[in-house]
Amino acid sequence: DKTGTLTVGKPKVTEVVAVEGSEENLLKIAATVEARSAHPLAQAVVTEAKRRGLVWNEAREVETITGQGLRTRLDGKNIAVGNAKLFAGESLPETLLQHDTQLTSAGRTTMFIQADGHFLGVLAFADTPRDGVRAVLDHLHKIGIRQTIMLTGDNEHVGRAIGDAVGIDEVQASLTPEDKVRAIEVLAAHHGRVAMVGDGVNDAPAMARATVGIAMGGAGTDVALETADVALMADDLSKLPFAVALSRASKRIIRQNLWLSLGVVVLLIPITLAGLAGIGMAVAIHEGSTLIVVVNALRLLAYRREDM
């Protein structure tokens, strides 16, 4: 996932473009609706509105269209706030289209505001990659991860800008949560095993479908954390290669312990039946092998990044 995983997840409003009314009124309407959402873009709208000293009342009832935006009724008008997918099939004013093209070409994420079918304007957002993400992705390649792919609901320009900045192998953009699930299914069919790293509600279905779901623990939503198999509690992606290497070390030790346990049993049964060892000796050997298995497993407690 991009927002909150590869990026800091704290986007800022960079441009407010009103085609009807003032910028302050446009931002106020957006904040009224977005104040009911926990999405990073929604919080960015609220933060910018507060910074400008605007005052508003939260919308009472808001309909959430997952991966697209929000709808509500405000002051007798039907208000819609969201990305281009929310307004699929509708014709955007030429002026608004020009602004949107300029903003997305510059790597901005855009959000449209509509009232009773009339487009009032567009907000633009920018997010920044997490520190050290490129090094993390390089490290993943070094330890055998064959391909890294970004799945994002953002547009192609924004996705590619972030992807190029962090060194991602492939970018799949403009995806709904259902599209992300289908993308994981295709990747799993082709590669066999796929890990999905995310932090939000939109990522949870894809994480559930992946072979391994990994959540950004600190900033992740409850749904993402409940769905994930692994949680990075410090929201530190640099721990991701360590988690992969540790899991491989655990797998090796599990195999060693299984072979040791089975080998001892296979050895003791014929020896005991043949009378070459008494029952007391057999029990002692078996219990000794159990202690060896435990000690071998405890070696994982000493596993360090340097062992990767």
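I shall go through the charged pairs one after another.

This is a predicted model, in which local features need pLDDT of at least 70, side-chain atom pairs count only at pLDDT 80 or more, and totals for chains, interfaces and linings use all residues. Residues are numbered from 1 along each chain as its sequence is written, and side-chain values use heavy atoms, with hydrogens and water left out.

Side chains of opposite charge can pair when their charged atoms come close. Here a salt bridge means a side-chain nitrogen of Lys or Arg within 4 Å of a carboxyl oxygen of Asp or Glu. By this rule the model has 12 salt bridges.

One of them joins Arg-108 to Glu-15, with the closest N and O atoms 3.5 Å apart. Arg-108 sits in the loop between helix H4 (94–105) and strand S5 (109–115), and Glu-15 in strand S1 (residues 12–18), so this pair ties together parts 93 residues apart in sequence. Helices (H or I, at least four residues) and strands (E, at least two) are DSSP runs, numbered from the N terminus.

Arg-108, at 23%, is partly exposed, and so is Glu-15, at 26%.

Next, Glu-48 pairs with Arg-52 at 2.9 Å between the closest N and O atoms. Glu-48 is buried at 10%, whereas Arg-52 is partly exposed at 30%.

Terms used. Buried means under 20% relative accessible area, exposed over 50%, partly exposed in between (1.4 Å probe, protein chains only).
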